[in-house]
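User: I would like to learn how to read a strand and a ligand shell in a model. Where do we start?

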Amino acid sequence: MVEKFLEGKGALITGGASGFGKGIAIEYAKRGADLVLVDINEELLEETCKKIEQDQGQKVIPIVCDVSNSDQVQAMSKQAFKELDNIFVLNNNAGVGLNFGKDLLRIDEERFDKTIAINLKGQWLVAKNICKGMRRQKFEPIAGKVIHTASIAGMVVDNKLPAYTISKMGIIAMMKMLAQSLAPKITVNAISPGYHITGIYDNREDVMKMTMDEGHVKTPLNRYGTVEDVAMVSVFLASPASNFITGHNFPVDGGIAEVGVPAWYIKSDI
Ligand SMILES: NC(=O)c1ccc[n+]([C@@H]2O[C@H](COP(=O)([O-])OP(=O)(O)OC[C@H]3O[C@@H](n4cnc5c(N)ncnc54)[C@H](O)[C@@H]3O)[C@@H](O)[C@H]2O)c1
């Protein structure tokens, strides 16, 4: 049995149809939250929402929206506040990993723009539209919590993912600025995953392993990351246990970004 500290509280998760968004939605629902899941992939979104509603018995509302489109984000935010009594947690998570492997000076403009528009501007647009309403909520001592999904590429430059790295470094900067703007009523933090098998890798271990091999990445804790590794830190950041924490980035990466090992040190394939 888990403690239902999100009972009576609403959570909005972008990129909720798949990967981390879906895993986080399941853990929040287990803890009593009603949910709005936002995604651009309508079919997968419907499927995920129905499944979580059936399994967990919480309200799970799908809203199809491209987070990089200002009009759509405005409409989505209005609908979300109508569907839920409150939005206590905003999980700003939708993102794409384009342009793998190309040097910064060789990536094309269209893909650069798309990466920045979805990963960085998208999180800003959603925060801008949702936090206005969140600020007015009467919960004490914290009126709401914002959790961004960044990446270890936002902590250590990844030359194989140039536009992605720029977008994720931008998210960490934005998270700190929002934490200042929204204090003392709203906490704002980020989670930076390492390498986890999700839709971003076609849900395939071999695709992720190839990416790690090409980047000469080794994991000090000697295993791949899971969706649950990230979802459980998100649960902590959504819970009262983190009420005195704001403006921080939490790497969930088995030690890749800040511990690191020489490539020859670990003999396994991971
Ligand atoms: N998987 C990893 O190892 C890893 C590592 C670091 C960071 N991340 C970040 O985690 C977040 C979630 O990705 P994931 O790994 O769960 O991948 P995923 O592909 O499983 O999930 C991402 C979801 O975002 C949705 N999405 C994409 N563009 C959108 C848009 N314009 N508007 C609305 N929704 C959109 C997708 O349809 C998908 O359902 C992303 O921000 C990603 O950059 C992932």
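Analyst: Start with burial. A residue is buried if 20 or more other C-beta atoms lie within 10 Å of its own. Keep in mind that this model is predicted.

User: Which residues lie on each face of β1?

Analyst: G10, L12 and T14 are on one side. A11 and I13 are on the other. Both faces are covered.

User: Next, pairing. How many bridges join β1 to strand β2?

Analyst: Two strands pair if DSSP finds at least two bridges between them. Here, 5 bridges link β1 with β2 (residues 34-39), and the two run parallel. A11 sits opposite L35 in β2. Between these strands the chain passes through helix α1 (residues 19-30), and this β-α-β crossover is right-handed.

User: And strand β4: does it run parallel or antiparallel to β1?

Analyst: Parallel: 3 bridges join β1 to β4 (residues 89-92). L12 stands opposite L90 in β4.

User: Now the ligand. How many residues surround the ligand, and which are the closest?

Analyst: The count is 28 residues, and the closest are G15, G19, G95, T198 and G199.

User: Which helix gives the most to the shell?

Analyst: Helix α1 does, with 3 residues. Both α1 and α4 (109-135) supply at least two residues each.

User: What is the make-up of the shell by class?

Analyst: The shell has 16 polar, 10 nonpolar and 2 charged residues.

Notes
Residues are numbered from 1 along each chain as its sequence is written. This is a predicted model: local features need pLDDT of at least 70, side-chain atom pairs count only at pLDDT 80 or more; totals for chains, interfaces and linings use all residues. A residue is buried if 20 or more other C-beta atoms lie within 10 Å of its own, exposed if 12 or fewer, and partly exposed in between; C-beta atoms are placed from the backbone. Helices (H or I, at least four residues) and strands (E, at least two) are DSSP runs, numbered from the N terminus. A crossover is right-handed if, with the strands pointing away from the viewer, the path from the first strand over the helix to the second runs clockwise. A residue is near a molecule or strand if its C-beta atom, placed from the backbone, lies within 6 Å of it. Ala, Val, Leu, Ile, Met, Phe, Trp, Tyr, Cys and Pro count as nonpolar, Asp, Glu, Lys and Arg as charged, and the others, Gly among them, as polar.
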